[in-house]
Amino acid sequence: MRFWKMNGAGNDFVILNNLEEHLPLEQLPQTARTLCERHMSIGADGLMVVDAPSQGGDYRMLFYNSDGSVGEMCGNGARCICRYGYENGLAGETQTVETTAGIVTGRRIDQRLYRIRLNDPTTVRLDSPVEADGVTYVCSYVELGNPGIPHAVVPYAGLRQADENELRELGRAIRWNKVFPKGANVNFYEITGEDLIFERTFERGVEDFTYACGTGTGSVVTVLTLQGKVSGHGVQVDMTGGRLVIDAERVHSHIASLYLTGPTNVVCRGEVTDEDLIIM
């Protein structure tokens, strides 16, 4: 079984081509859990599987978190898979990718830089405070696509200097908060300059901070654009793994389109030989 390992600003993925491997879909959650375990296997935040399109796209992208749960979509993953699709002849420099959350379009800017149109915000609650351990935190709530990718957006002063363990416990408490019926990715942010943000995202399915989160950056910039705190044009978001750029087109009181631009890195290509992986 052939694989690629890629990352987008440190958000890393194992990619399998099911057009060639023909793995049964019911086996993919277990495959994700096995291959994404960092100490025992290849290691990644998630597994992405290329499969046949059913809605007129170039191909279909199936995404599984490292715990085997299904992810509706992954922004950095979609950028990486667009490079995979281009370099493997599945699509041209502009491509259409089918995801669980809807159609995503991607564009190659250069060898490593890719830009995608994220799923549109379908739910936005700018004032959605959340309580954790007896403290009420300012929070906004955004869902991208349908079914929506859920994101809590939480301002956090001094984020770069925050205690990692304290922040992780707070992220976990908000992620599982009962006000979010399907859970939420938790995006802590701090505005550090004009159209410049620092962000940390506690991702459901990984159950920890990742080095970057594309849909998370899109959700943060959606909220801040609607609040008038950023312009929405070329907003730079720094995360542990690097910098992502978001463009949010505001039309009156909603965001009409949302674009994510950032780097990709092909880390390795090879053959899966993991003897703990059960292939049926």
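Figure 1. On a 1 Å grid over the protein atoms alone, a cavity is a set of points where a 1.4 Å probe fits but cannot get out, and the residues that line it have an atom within 4 Å of a point. This is a predicted model, in which local features need pLDDT of at least 70 and side-chain atom pairs count only at pLDDT 80 or more, whereas totals for chains, interfaces and linings use all residues. Residues are numbered from 1 along each chain as its sequence is written, and side-chain values use heavy atoms, with hydrogens and water left out. The second largest cavity holds about 30 Å³ of space, where a volume is the space filled by probe spheres set on the points, and grid points are joined across faces, edges and corners. Its lining consists of Asn-11, Phe-13, Asp-45, Phe-63, Asn-65, Cys-74, Glu-203 and Val-206. Strand 2 (11–17) and strand 4 (59–65) are the elements that give two or more residues to this lining; helices (H or I, at least four residues) and strands (E, at least two) are DSSP runs, numbered from the N terminus. By class, the lining of the second largest cavity has four nonpolar, two polar and two charged residues, with Ala, Val, Leu, Ile, Met, Phe, Trp, Tyr, Cys and Pro counted as nonpolar, Asp, Glu, Lys and Arg as charged, and the others, Gly among them, as polar.

**Figure 2. The largest cavity.** The count of cavities of 30 Å³ or more comes to two, and the largest cavity has a volume of about 120 Å³. It is lined by 13 residues, of which Asn-65, Met-73, Ile-149, Asn-185 and Glu-203 lie nearest its centre. Five residues of the lining of the largest cavity are nonpolar, five are polar and three are charged.

**Figure 3. The largest pocket.** Unlike a cavity, a pocket is an open set of points with protein on both sides within 12 Å along at least five of seven lines. In the largest pocket lies about 220 Å³ of space, and of the 14 residues that line it, Asp-45, Asp-208, Phe-209, Thr-210 and Tyr-211 are the closest to its centre. Helix 4 and strand 16 (208–210) each supply at least two residues of this lining, and the largest share, three residues, comes from strand 16. The lining of the largest pocket divides into three nonpolar, four polar and seven charged residues.

**Figure 4. Trp-4 and its surroundings.** Rings of Phe, Tyr and Trp (its six-membered ring) pair if their centres lie within 6.5 Å, and planes under 30 degrees apart count as stacked, over 60 as edge-to-face and the rest as tilted. By this rule the count comes to six aromatic pairs. One of them is edge-to-face, because the rings of Trp-4 and Tyr-84 have their centres 4.8 Å apart and their planes at 75°. This pair links distant parts of the chain, with Trp-4 in strand 1 (residues 2–8) and Tyr-84 in helix 3 (residues 75–87), 80 residues apart. Both Trp-4 and Tyr-84 are buried, where buried means under 20% relative accessible area, exposed over 50% and partly exposed in between (1.4 Å probe, protein chains only). The charged end of Arg-269 sits over the ring of Trp-4, 4.2 Å from its centre, a description that requires NZ of Lys or CZ of Arg to be within 6 Å of the ring centre and within 35 degrees of the ring normal.

Figure 5. Tyr-156 lies in the loop between strand 13 (149–155) and helix 4 (164–175), whereas Phe-188 lies in strand 14 (residues 185–193), so the pair ties together parts that are 32 residues apart in sequence. Tyr-156 is partly exposed, with a relative accessible area of 21%, while Phe-188, at 0% relative accessibility, counts as buried. Tyr-156, Phe-188, Phe-202 and Phe-209 form one aromatic cluster.

Figure 6. Most residues other than glycine have a negative phi, and most peptide bonds are trans. The peptide bond from Asn-146 to Pro-147 is cis, with omega near 0°, and Pro-147 has its place in the loop between strand 12 (140–144) and strand 13. Asp-195, in the loop between strand 14 and strand 15 (196–203), has a positive phi of about 55° although it is not a glycine. Glu-207, in the loop between strand 15 and strand 16, has a positive phi near 60°.
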